Amino acid sequence: MTQPQLPPRFLPSMGVLRAFEAAARLGSFTAAAGELHLTQSAVSRQIRGLEEQLGAELFTRERQTVRLTMAGEAYAQEIRAALRRVSAATLAFRANPRGGTLNLAILPTFGTRWLAPRLPQFLAHNPGITVNLTTRLVPFDFQAESMDAAIHFGTPQWPGATLDGLMNETVVPVCSPGLLAQHPIRSAADLLSAPLLHLVSRPDAWERWFAAMGVHAAEVHGMLVDQFAMAAQAATAGLGCALLPRFLIDGELARGDLVMPVDGPLESGSYYLAWPAHREGYPPLQAFRDWIRRAAQPQV
């Protein structure tokens, strides 16, 4: 598919944009000149030429100082983000000139417990692609970040992004065998008398679970932890009962480090792959999308 060509008048030179970004960031033509190894008059001429090309002033000039206009501030943010993407693309190409780089934002426990063990399979089938992983806990602005895609949990909503459904999440109550010996639990209601572990990002998870089990729980107290991995470790150590995604603790259940005191699975949400429209046709992303959709399918 042929990409539309932008009119030349909308494409200032890279040197001019670098001069503008530096001056906007430093608040000084002289400081920008020093950073770029140019003369102050050269930077001033470049920015004046850019203003003429745009048909509006970017800076207010007052004696020996300059400050961005309101429009200049907005333009500076857009240019800074664009230059950041150019820099990231260049670095990625130098690191892997034979393939491509996928910058993926992940949820920490999903990344370590589910994605990381399966990622070698993707890389084996796509040897030219490098995957960079960065932790992000909440949705972000793809325009302001050099990310190609992200793993998202919750509802299929992410401003400015397209989402593919990956898998549903089912949580189960678990605890250590030692804690179960100290707190005999034969029904969902018995968990009200046991120490409970709560995830900061899902403070009402236990309330929703008790409600689904038909148990009235006016107030549920217990220890707070900030990540699923910490909750799993705390539960394994006998600090309390945790409500955890089943697919993230298969290993602990298989080894007997954790046990399910009652049979109470509850579907709690879904995982998605999100990406911005401007990366839709990026080959490494297309390859990853195809692979992760297959990898997330239930094994039969």
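The following dialogue concerns how to read selected features of this predicted model.

Colleague: On what basis are the values computed?

Modeller: The model is predicted, local features require pLDDT of at least 70, side-chain atom pairs count only at pLDDT 80 or more, and totals for chains, interfaces and linings use all residues. Residues are numbered from 1 along each chain as its sequence is written, and side-chain values use heavy atoms, with hydrogens and water left out.

Colleague: Which residues of the largest nonpolar core touch the most other members?

Modeller: A nonpolar core is a set of buried Ala, Val, Leu, Ile, Met, Phe, Trp, Tyr and Cys residues joined through side-chain atoms within 4.5 Å; buried means under 20% relative accessible area, exposed over 50%, and partly exposed in between, with a 1.4 Å probe and protein chains only. Here the largest core has 43 residues, and Phe110, Trp114, Leu115, Ile151, Leu273 and Phe288 touch the most other members. Helix α10 (residues 283-295) supplies the largest share of this core, 6 residues; helices are DSSP runs of H or I with at least four residues, strands are runs of E with at least two, and both are numbered from the N terminus. A second, separate core has 22 residues, including Leu17 and Leu50.

Colleague: With which residues is Phe288 in contact, leaving aside neighbours within four places in sequence?

Modeller: Contact means heavy atoms within 4.5 Å. On that criterion, the partners of Phe288 are Leu102, Leu104, Leu115, Leu119, Phe122 and Leu273.

Colleague: How is a pair of aromatic rings described?

Modeller: The description uses the distance of the centres and the angle of the planes. Rings of Phe, Tyr and Trp (its six-membered ring) pair if their centres lie within 6.5 Å; planes under 30 degrees apart are stacked, over 60 edge-to-face, and the rest tilted. The count by this rule is 17 aromatic pairs. One of them, Phe110 with Phe247, is edge-to-face, at 6.2 Å centre to centre with 75° between the planes.

Colleague: Why does this pair tie together parts that are 137 residues apart in sequence?

Modeller: Because Phe110 lies in helix α5 and Phe247 in the loop between β9 (242-245) and α9 (250-255).

Colleague: Where does the charged end of Arg279 sit?

Modeller: A charge sits over a ring if NZ of Lys or CZ of Arg is within 6 Å of the ring centre and within 35 degrees of the ring normal. The charged end of Arg279 sits over the ring of Tyr282, 4.0 Å from its centre.
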